[in-house]
Amino acid sequence: MGDSLAQGFKNGGIYRTDLSFPALLSRAMGDYSQMDLPSFSAQAGIPINMEVLVRGLEENIGDDINLLNSVQAGHHIYSTLKRIKSYWEGQVISLKNEDQQTPYHNQAIWGFSISDCWLLNEKFCREYIRNNKTQYSVFNVLPDQGMYTTARLVLNPTFDNKFENHTQVDNIRELSDNGGIENLIACLGHNNVVGAVTKLKIEYSTESDINVPFNERRCTVFRPEHFEQELKTLYSKLSEMNIKRVFVPTIPYVTIPPAIRGVNSDLYVPIDGYFDYYARFWIWDEDFDPDKHPHLTRDDAIELDEIVDQYNHTIKKLADEHGFVVVPVARHVQSAARRRHLPETISPFPDGFIKALKNNPKTSFMVNENGEPNITTDYLRINEKTGKVEKGGIFSLDGLHPSTIGYGLIANIYKMSMEKHGVKFEHDIDWDFVIENETLVTDPPKLLHNLRLLLRFLALGRQEKLMMFGKGLLQEMVEVFSSSPKVEEEHQ
């Protein structure tokens with residue numbers, strides 16, 4: 001159970017759940033595990049898969065965006081998004097799955113904070129969607145209420161009355177009551193702080209934000225004491241169930257993913273891991289203007305890291321009280337963050353992963369003569385001359401969620417912790433499968449060669465006449481993780 005990380009969200013949407021880290025763990029278990037997963041592969045996923053969108057755009061206009069084809073590109077993007085929007089809002093076919101009569105084994109839903117797992121059920125989501133009517137306009141191109149639609153399809157895929165009042169916690173209880181659960185991953189808590197990144201604002205929780213659903217919260221960051229209050233409730237609920245082992249992750253620093261671009265006033269890389277400002281990833285360093293663009297400051301970044309440290313202290317303390325296993329995800333993610341300049345004694349890259357990179361002819365160039373992989377937490381960059389990856393690889397195109405490789409690395413972290421506590425695996429993580437399905441690395445779209453131009457095009461705002469939709473796509477994409485009020489628009 002969990003949020004976007006456990007569901008396999010990447011590139012701006014949930015698409016292939018079979019590439020989520022729980023699915024990769026199940027694959028490594030072999031005959032020990034048969035995992036029942038929801039599918040979101042129709043229409044490039046929900047709310048949008050940027051990789052699919054960019055590849056379709058490339059087929060339509062070629063490998064370059066320019067003044068002559070920009071209107072054609074805008075038309076293509078708008079028509080594609082309109083089709084996706086209509087599908088996931090049920091305007092084309094019914095979305096229900098009559099064949100899924102029992103809860104899925106992966107109960108993760110993107111956008112969920114801790115309390116959503118016992119507050120939001122399918123009936124609530126259905127009524128919320130009904131009371132917030134679908135809007136069709138050039139200023140609204142992603143599926144309305146995409147998180148609530150996703151929740152309906154995960155929590156009660158048949159849309160029948162039997163499970164309409166079931167939350168994530170209820171479905172986990174249903175599975176535990178019918179045969180028990182040997183291993184449960186409870187991957188929640190990231191969305192209690194990530195709003196500070198998606199909004200570029202730190203708005204602390206108040207009592208009115210506690211134990212209320214997503215749509216009623218106004219904060220971007222839960223105060224540590226409020227985080228602890230909700231986590232206590234969750235852990236208590238899980239402790240009452242027939243579950244042999246519960247695994248809970250530590251939360252990585254939200255300042256590590258490239259969803260926000262760190263930039264110094266003098267444009268130099270910092271020596272202590274912190275930049276003067278943190279802005280949107282589509283705003284280049286030399287274009288950034290603190291008087292013009294929304295941003296976080298160096299002090300904000302330090303403050304957010306300290307909040308996450310307190311979250312992780314709480315996770316470890318409460319996990320110990322309940323006998324849960326803590327998986328050190330945060331430590332491994334930090335070790336992979338090259339610009340942190342902090343001492344780490346662990347390697348984020350397992351030998352099997354490096355070997356698979358080296359053996360794949362499409363990725364062998366990413367392993368240097370010292371046997372070290374050229375994989376970083378930077379936003380993905382493609383060399384314009386060679387067409388090969390020169391930076392990034394761990395995070396996907398939305399800048400916030402892992403790539404397929406990133407999910408493989410997370411799966412490996414869990415696997416090491418699980419094996420230490422008696423969980424059986426027949427195989428290693430299938431690194432050949434992971435790399436083969438990491439198409440952003442093995443076969444990057446040519447439009448990514450000029451990343452700066454592509455991102456600038458996708459981020460154009462209402463005042464720009466070349467785009468065929470009003471709000472920049474990237475701006476709308478980051479808003480899907482924010483409760484109201486909406487993210488302020490940027491005018492570039």
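**Close-up 1. Glu216 in the loop between helix H9 and helix H10.** In this predicted model, Glu216 is placed in the loop that runs between helix H9 (195-199) and helix H10 (224-239). Its relative accessibility is 45%, and Glu216 therefore counts as partly exposed. Thr17 lies 199 residues from Glu216 along the chain, and the C-alpha atoms of these two residues are separated by 29 Å.

**Close-up 2. Packing of helix H3 against helix H4.** Helix H3 (residues 50-61) packs with helix H4 (residues 70-88) at an angle of about 135°, the two axes being 10 Å apart. Because of this angle, H3 is oblique to H4, and the crossing of the two helices is right-handed. From H3, the residues Leu53, Gly56, Leu57, Asn60 and Ile61 take part in the contact, where they meet Gln72, Ala73, His76, Ile77, Thr80 and Leu81 of H4. Sorted by class, the contact of H3 with H4 comprises six nonpolar and five polar residues, with no charged residues.

**Close-up 3. The open sheet formed by strands S5, S6 and S7.** Three strands make up an open sheet in the order S5-S6-S7, and their pairing is antiparallel. Strand S5 (260-263) and strand S7 (296-297) are the edge strands, each of them pairing on one side only. Strand S6 (residues 277-280) pairs with S7 in the antiparallel sense over two bridges, and Tyr278 has Leu296 in S7 as its bridge partner.

Notes
Residues are numbered from 1 along each chain as its sequence is written. This is a predicted model: local features need pLDDT of at least 70, side-chain atom pairs count only at pLDDT 80 or more; totals for chains, interfaces and linings use all residues. Side-chain values use heavy atoms; hydrogens and water are left out. Axes are lines fitted to C-alpha atoms, for helices over the stretch in contact, and angles run from 0 to 180 degrees between N-to-C directions. Helices (H or I, at least four residues) and strands (E, at least two) are DSSP runs, numbered from the N terminus. Angles under 35 degrees count as roughly parallel, over 145 as roughly antiparallel, 65 to 115 as roughly perpendicular and the rest as oblique. A crossing is left-handed if the near helix is turned anticlockwise from the far one by less than a right angle, and right-handed if clockwise. Contact means heavy atoms within 4.5 Å. Ala, Val, Leu, Ile, Met, Phe, Trp, Tyr, Cys and Pro count as nonpolar, Asp, Glu, Lys and Arg as charged, and the others, Gly among them, as polar. Two strands pair if DSSP finds at least two bridges between them. Buried means under 20% relative accessible area, exposed over 50%, partly exposed in between (1.4 Å probe, protein chains only).
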